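Hello,

Here is the structure I said I would pass on. My notes on it follow below.

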Amino acid sequence: MEVLVTIELPDDLLAKIRRQHNVTTPSGNLPMPAEELRSLIKGKHGLLCTITDRVDKGLLKEADSLLVVANYGVGYDNIDVEECTKKGILVTNTPDVLTDATADLTMALILAVARRVVEGDARVREGRFHAWTPFGFLGTDVCGKTVGIIGLGRIGKALAKRAQSFSMTVLYYKRNRISREEEAHLNIKYTEFIDLLRQSDFVSLHVPLTKETYHMIGASELAAMKREAFLINTSRGAVVEEEALVRALKQGIIAGAGLDVYEHEPDVHPELLNMKNTVLLPHLGSATKETRRKMAERAVTNLLAALSNERPRDCLNCDRVKKGNS
Ligand code: NAP
């Protein structure tokens with residue numbers, strides 16, 4: 001069959017696909033430009049792609065032979081899953097393998113923004129570290145504070161464990177409350193959305209980007225937070241209304257923000273760049289050698305399973321795609 005791979009893959013994994021199928025890879029710069037993707041999708045049975053590729057109605061119109069979209073990543077807001085389902089195209093993602101790396105990075109953002117790690121690093125590099133002083137460069141304690149986790153799924157739960165090892169109290173909010181037994185086991189407390197915002201010293205976002213979570217944090221949610229609180233976002237940029245966040249940071253409505261993702265990625269609101277109370281990362285959540293390798297393995301395994309007419313392990317719509325396609 002014909003397979004289009006839009007990303008760089010380790011050689012052995014690319015060879016694994018090539019042993020069974022004809023593979024087309026990007027001809028030039030990455031991410032693959034939308035026009036190139038559109039021109040190459042015709043006649044392809046498999047697509048291995050990632051967050052920077054938009055698999056929308058327009059692209060799917062050109063996809064006359066597509067059987068599977070194997071996404072390299074757990075979030076799949078770049079893919080119109082409903083349209084794929086209507087067209088009998090399977091969609092897969094790569095959950096679990098990036099959970100720990102993303103939770104680690106979230107904890108790193110909490111620590112960095114509270115303890116002014118990036119500002120401190122810059123101070124030393126600029127040759128402006130002249131002496132230790134009792135009241136210079138003071139940050140905020142993390143230990144003993146409360147973190148409010150919005151979206152307690154795989155990554156949210158992994159963050160809860162890490163936060164507890166820093167003696168933090170953990171509150172959470174999601175649409176479907178977990179069982180009282182699991183809450184007791186995890187030592188976390190379910191809190192209504194608005195109460196979580198009011199009570200937390202760190203609000204950390206771990207929801208997928210959907211119609212429902214788009215701009216879930218806007219001006220009124222930021223106003224509900226404590227003035228000393230920090231917003232941490234390693235989910236998706238558009239979960240936060242970035243303009244409102246900039247205003248809240250400028251006006252001291254919240255104390256700071258640690259961000260890995262942006263509403264108009266890769267563009268970052270210019271005012272965020274000039275703020276000392278922000279730590280800004282270039283979407284690094286899963287960016288470790290080990291994790292990216294595992295993501296590639298999972299995406300390739302899912303792709304090959306679907307093309308062999310087997311049910312892929314991480315199928316998002318297998319139950320809804322009509323039999324005969326899957
Ligand atoms: P997950 O296991 O599916 O967890 C998502 C959680 O969000 C669930 O607890 C879900 O619970 C909750 N949720 C969904 N819609 C909600 C809503 N409208 N209101 C409140 N809670 C809602 O996903 P995950 O593996 O933890 O990943 C979470 C997200 O992190 C991904 O979708 C991806 O966008 C992002 N991510 C980013 C990076 C990065 O590089 N920065 C890396 C990995 C993942 P209910 O259904 O009960 O509400």
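**Sheets, ligand and backbone**

Strands β10 (residues 230-233) and β11 (residues 256-259) run parallel and are joined by four bridges. Within that pairing, N233 has L259 of β11 as its bridge partner. Please keep in mind that this is a predicted model.

Both strands belong to an open sheet of seven, ordered β8-β7-β6-β9-β10-β11-β12, with parallel pairing. The edges are taken by β8 (189-190) and β12 (278-280); each has a single partner strand, so one side of each is left without a neighbour in the sheet.

Helix α5 (residues 99-115) packs on it and touches β6 (146-150), β9 (202-205), β10, β11 and β12. The direction of α5 makes about 150° with that of β10. Helix α7 (residues 154-165) lies across β6, β7 (169-173) and β9, and α7 runs at about 175° to β6.

There is also an open sheet of five strands, in the order β2-β1-β3-β4-β5, and here too the pairing is parallel. Its edge strands are β2 (22-24) and β5 (90-92), each of which pairs on one side only. On average, neighbouring strands of this sheet are turned by 20° against each other, direction ignored. Inside the sheet, β3 (residues 46-50) and β4 (residues 68-72) pair in the parallel sense over five bridges. Helix α13 (residues 289-307) lies across β1 (2-5), β3, β4 and β5, and its direction is at about 175° to β4.

**Ligand**

Which residues come nearest to the ligand? Of the 26 around it, they are I155, K174, R175, N176 and D260. By class, the shell divides into eight nonpolar, 12 polar and six charged residues.

- N176: a polar side-chain atom lies 2.8 Å from an oxygen atom of the ligand.
- D260: a polar side-chain atom lies 2.9 Å from a nitrogen atom of the ligand.
- R236: an N or O atom of the side chain is 3.4 Å from an oxygen atom of the ligand.

Taken alone, the ligand exposes 920 Å², and the protein buries 89% of that.

**Backbone points**

Most peptide bonds are trans, and most residues other than glycine have a negative phi.

The peptide bond from L30 to P31 is cis, with omega near -5°. P31 sits in the loop between β2 and α2 (34-40). E265 and P266 are likewise joined by a cis peptide bond, with omega about 5°; P266 is in the loop between β11 and α12 (270-273).

Regards

Key. Residues numbered from 1 in each chain as written. Predicted model: local features only at pLDDT ≥ 70, side-chain atom pairs only at ≥ 80, totals over all residues. Heavy atoms only, no water. Near = heavy atom within 4 Å. Polar contact = N/O pair within 3.5 Å; in protein donor to acceptor, adjacent residues only side chain to side chain. Areas by Shrake-Rupley, 256 points an atom, 1.4 Å probe, with all protein chains shown as cover. Nonpolar A, V, L, I, M, F, W, Y, C, P; charged D, E, K, R; others polar. Pairing = 2+ DSSP bridges. Helix = DSSP H or I, 4+ residues; strand = E, 2+ residues; numbered from the N terminus. Axes fitted to C-alpha atoms, helices over the stretch in contact; angles between N-to-C directions. Contact = heavy atoms within 4.5 Å.
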